[in-house]
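Colleague: I should like to learn how to read this structure. Could we take one feature after another, with the general idea before the case at hand?

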Amino acid sequence: MSQRYSKVIMTITAVMMLAAGILITFLSNEIVAYLNLAPNSFLLIQIIGALYFAFGMLNWFVKANLIGGIYGRPISVANFTHFSMVALSLFKSGFYENIMQITITTVYCILAFLFGYIFMTHPKVN
């Protein structure tokens with residue numbers, strides 16, 4: 001995969017994770033109410049939002065670097081691990097009952113595949 005494609009993938013995931021992090025952090029009470037969680041769960045939801053935001057920042061700042069093979073290995077491994085584990089968790093939990101859930105699961109599966117490919121192949125410099 002060329003460096004240009006990995007830059008596009010890193011940019012897309014950075015924006016996606018930054019947006020998710022901001023939304024999850026600032027709408028934690030609403031998320032707790034929507035998911036019928038314990039009322040004091042908002043702190044855990046805010047921590048998850050902070051993790052998404054931090055991961056998004058990481059992807060944003062390394063998007064111009066060479067990612068794949070031995071280059072940027074920690075970044076590609078971290079992204080591959082995140083997207084594949086969340087995709088597997090979504091499948092296991094049956095998170096595909098409506099169109100939004102199917103979309104989220106599909107996006108995570110595609111990104112898990114792409115980061116697995118980036119991780120396992122040597123990048124081509126443009």
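**Reading a helical chain**

Modeller: Helices (H or I, at least four residues) and strands (E, at least two) are DSSP runs, numbered from the N terminus. The model is a predicted one, in which local features need pLDDT of at least 70 and side-chain atom pairs count only at pLDDT 80 or more, while totals for chains, interfaces and linings use all residues. Residues are numbered from 1 along each chain as its sequence is written, and side-chain values use heavy atoms, with hydrogens and water left out.

Colleague: How many helices and strands are there in the chain?

Modeller: The chain has 5 helices and 0 strands. Read from the N terminus on, its elements run α-α-α-α-α. The C-alpha trace spans about 50 × 25 × 20 Å along its principal axes.

Colleague: What is the average pLDDT of the chain?

Modeller: The term pLDDT denotes the predictor's confidence in each residue, from 0 to 100. The chain averages 90, and 95% of the residues score at least 70. Confidence is lowest in helix 2, with a mean of 89, and highest in helix 3, at 95.

Colleague: Does Ala20 count as buried, partly exposed or exposed, and why?

Modeller: Buried means under 20% relative accessible area, exposed over 50%, and partly exposed in between (1.4 Å probe, protein chains only). Ala20 counts as partly exposed because its relative accessibility is 21%. Of the 126 residues of the chain, 36% count as buried.

Colleague: What span should helix 1 have?

Modeller: The expected span of a helix is 1.5 Å times one less than its number of residues. Helix 1 (residues 3-26) has 24 residues and should therefore span 34 Å, which agrees with the 34 Å between its end C-alpha atoms. Helix 4, with 21 residues, reaches 30 Å from its first C-alpha to its last, close to the 30 Å expected.

Colleague: At what angle do helix 1 and helix 3 pack?

Modeller: Axes are lines fitted to C-alpha atoms, for helices over the stretch in contact, and angles run from 0 to 180 degrees between N-to-C directions. Helix 1 and helix 3 pack at about 155 degrees, with their axes 7 Å apart. Helix 1 is therefore roughly antiparallel to helix 3. Angles under 35 degrees count as roughly parallel, over 145 as roughly antiparallel, 65 to 115 as roughly perpendicular and the rest as oblique. Ala20 returns here: its C-alpha atom is separated by 6.6 Å from that of Tyr52, 32 residues apart along the chain.

Colleague: How do the axes of helix 3 and helix 4 cross?

Modeller: These axes come within 11 Å and cross at roughly 140 degrees. Helix 3 and helix 4 are therefore oblique to each other. Contact means heavy atoms within 4.5 Å. Tyr52, Phe55, Leu58, Asn59 and Val62 of helix 3 make the contact with Ile75, Ala78, Asn79, His82 and Val86 of helix 4.

Colleague: Is Asn79 buried or exposed?

Modeller: Asn79, in helix 4, counts as buried because its relative accessibility is 0%. Leaving aside neighbours within four places in sequence, Asn79 is in contact with Met10, Phe55, Asn59 and Phe115. The buried residues of helix 4 are covered by elements including helix 1, helix 3 and helix 5.

Colleague: Where does Asn36 lie, and what is its phi?

Modeller: Most residues other than glycine have a negative phi, and most peptide bonds are trans. Asn36 lies in the loop between helix 2 and helix 3, and its phi is near 55 degrees, a positive value in a residue other than glycine. Asn36 counts as exposed because its relative accessibility is 67%. Just after helix 4, Gly94 also takes a positive phi, of about 75 degrees.
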